[in-house]
Structure formats: structure tokens, C-alpha cells
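I set out to record what I looked up in this structure, entry by entry. The entries follow below.

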Amino acid sequence: MELYLIRHGETDWNAARKVQGQVDIPLNENGRRVADETGRALRDLRFDRVYSSPLLRALETARLICAGRSVPIEADDRLKEIDFGPYEGRVVSDLQENFRRFSDAPELYRAPEGAESIEHLMARSLDFLESVLVPASLMQDAPERVLVVAHGAWGQGMKLNLRHAPIADFWKPAFPKNCSVSIFDIHGHSYTEIADNRLYYRESDADQGILFSSLKG
């Protein structure tokens, strides 16, 4: 069973380098355009199941990518982005050193009161993997291809679980750009990586509003 893992399109907060987390910000015009281009590039692929974070930016991306398909989109709270608590809505460059560790040294990041830890985020993604994806891959009539539309940090957490990698590798090999597509083959607990952060639109159109200014490029 192939898993297509896609980050949502760009929002105004992405473009302004604001911490987004679980604040429910919709796509901007560029985000809709890039999601539409990604969907058109994938139009010949059949998705047997589609799951999305319930946050607007992910749901709208899923709808644009699945335009013209009859497959229902199932929203799942476990796919929400990490909760940044008091950091949400603030410009990254204005934040203290602890938040910068989230991008530069994630193994040293400590979530402030009211926020979610990376460990908890990964536990959410692991629960989705173990209770939804792994069982589906083992069904006699297993879906051929599953689409999951979520968020930058959530997707990286899922990739760490699939790669059996440590938190220090959270952002490796690179931060996922908006509408980047990562592909894995899943059969039970056997996971094979096929592609990471693949773009289906021109590189020059990639969002310039990367969440962490230290990760530009």
C-alpha cells in the first residue's frame, strides 16, 4: 500500500513567518494555486482512501488535490499540527532561543506550558499509523494508495516513525515546502521510502514563507 503524505498549501501566516500550529488559518491565493497544480499533476493516480487534518488549510488542500474524484475525505484530529501554545501567532524572529531549538536542535526543544511536545506529536502520528495505516495495508483487499494531507511538523513526525529515526533527525534531510509530497510503501510494519518532499510545481513557485527563517533554502 502506498502512502502519499502531503503538506498543506501556503497561508498568509506562512508567508509572514508567523508560528501557526493549531490556529485555524485558511490557504491564501498562492496556496490554493499550488494545491491545484499538485492535484492536476496527480490526477491520474487513484486514491482509495483520503485522510486530512481538520484544520482549514489542510482540508482545503485535500479538496483541491482530490477535485474530480469521488473518494470521501476523512478528517482526523490526530493529524492536526503540533500545538505551539503561547508561541502561536508570533513572528519567528521575535521569539526566544527555546523556540529556535525546535528548528535548529529539536532534540533540545522543551515545549512551554500550554504547548505540545515533539514526543506527544510523534505519539499522535504513531497512533494513526498503528491503528489506521498498518491494519489497512494488511487487509485482503488493501487499498492500493492512501493520501494523507497534514502539516509540516506532523509530517516530519510521521516520517521519523516510518524511518525509526531519532528526534535529532526531525528536519532531515530538509524542511518540507508547501504541498511537498513524500511517498512510502507500507506493508504491515515494513516501510519503504520512495520519495521525500517531491514538488509537482515549478521550484520557483515554492512558498517563500517557510515557518522557520533559519531553515530558508
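I looked up burial in H2 and found Gly 31, Val 34, Ala 35, Glu 37, Thr 38 and Gly 39 buried (under 20% relative accessible area with a 1.4 Å probe, protein chains only). The model is a predicted one, in which local features need pLDDT of at least 70, side-chain atom pairs count only at pLDDT 80 or more, and totals for chains, interfaces and linings use all residues. Residues are numbered from 1 along each chain as its sequence is written, and side-chain values use heavy atoms, with hydrogens and water left out.

I noted that helices are DSSP runs of H or I of at least four residues and strands are E runs of at least two, numbered from the N terminus. The cover over the buried residues of H2 includes helix H3 (56-65) and strand E5 (181-187).

I then checked the start of H2, where a side-chain oxygen of Asn 28 comes to within 3.2 Å of the backbone nitrogen of Asn 30.

**H2 against H3**

I found that the two axes, lines fitted to C-alpha atoms over the stretch in contact, come within 7 Å and cross at roughly 40°. H2 and H3 are therefore oblique to each other, since angles under 35 degrees count as roughly parallel, over 145 as roughly antiparallel, 65 to 115 as roughly perpendicular and the rest as oblique.

I listed the residues that meet (heavy atoms within 4.5 Å): Arg 32, Ala 35, Asp 36, Thr 38 and Gly 39 in H2 meet Glu 60, Thr 61, Leu 64 and Ile 65 in H3.

Notes
Buried means under 20% relative accessible area, exposed over 50%, partly exposed in between (1.4 Å probe, protein chains only). A polar contact is a pair of N or O atoms within 3.5 Å; within protein, one must be able to donate a hydrogen and the other to accept it, and residues adjacent in sequence count only if both atoms are side-chain atoms. Axes are lines fitted to C-alpha atoms, for helices over the stretch in contact, and angles run from 0 to 180 degrees between N-to-C directions.
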